[in-house]
Amino acid sequence: RQIVQAMPADNVYFFDQRGSLQLAAPASQAESGDWLDEIHPTAKGFGRLCASYWNPWLAKAMGLV
């Protein structure tokens, strides 16, 4: 958040998405919860992020709501 706020550009945005995805099982080595691996969400996980954060922001930014 601090990095984005310090940037001179007004077209950089910060979405705090922590806690929005179902956690993977402890010590999992494969797809678990909303995670494909330790870095990437599954398709369902990305869908959750879109529904909760990205789609509402885009609709507002485009004047659709």
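Biologist: What makes R1 exposed or buried?

Modeller: R1 has a relative accessible area of 53%. Buried means under 20% relative accessible area, exposed over 50% and partly exposed in between, with a 1.4 Å probe and protein chains only, so R1 is called exposed. Before we go on, this is a predicted model, where local features need pLDDT of at least 70, side-chain atom pairs count only at pLDDT 80 or more, and totals for chains, interfaces and linings use all residues. Residues are numbered from 1 along each chain as its sequence is written, and side-chain values use heavy atoms, leaving out hydrogens and water.

Biologist: Why is the contact of R1 with D16 called a salt bridge?

Modeller: A salt bridge is a side-chain nitrogen of Lys or Arg within 4 Å of a carboxyl oxygen of Asp or Glu. The closest N and O atoms of R1 and D16 are 3.7 Å apart, so the pair qualifies. R1 sits in the segment before helix 1 (2–6) and D16 in the loop between helix 1 and helix 2 (43–61), 15 residues apart. Helices here are DSSP runs (H or I, at least four residues), numbered from the N terminus.

Biologist: What does D16 count as, then?

Modeller: Partly exposed, because its relative accessibility is 26%. D16 also forms a salt bridge with R18, with the closest N and O atoms 2.6 Å apart, and R18 is exposed at 68%.

Biologist: How many salt bridges does a search of the whole structure find?

Modeller: Three. One of them joins R48 and D34, whose closest N and O atoms are 3.3 Å apart. R48 lies in helix 2 and D34 in the loop between helix 1 and helix 2, so the pair ties together parts that are 14 residues apart in sequence.

Biologist: How do you know whether D34 is buried or exposed?

Modeller: Its relative accessible area is 0%, so D34 goes down as buried. R48, at 33%, is partly exposed.

Biologist: And which residues make the nonpolar surface patch?

Modeller: L58, M62, L64 and V65, covering about 470 Å². Patch residues have over 30% relative accessible area and no salt bridge; nonpolar side chains (Val, Leu, Ile, Met, Phe, Trp, Tyr) are joined within 5 Å, like charges within 9 Å. The areas come from the Shrake-Rupley method with a 1.4 Å probe, and for residues only the protein chains shown count as cover. L64, in the segment after helix 2, is exposed at 61%.

Technical notes:
Helix = DSSP H or I, 4+ residues; strand = E, 2+ residues; numbered from the N terminus.
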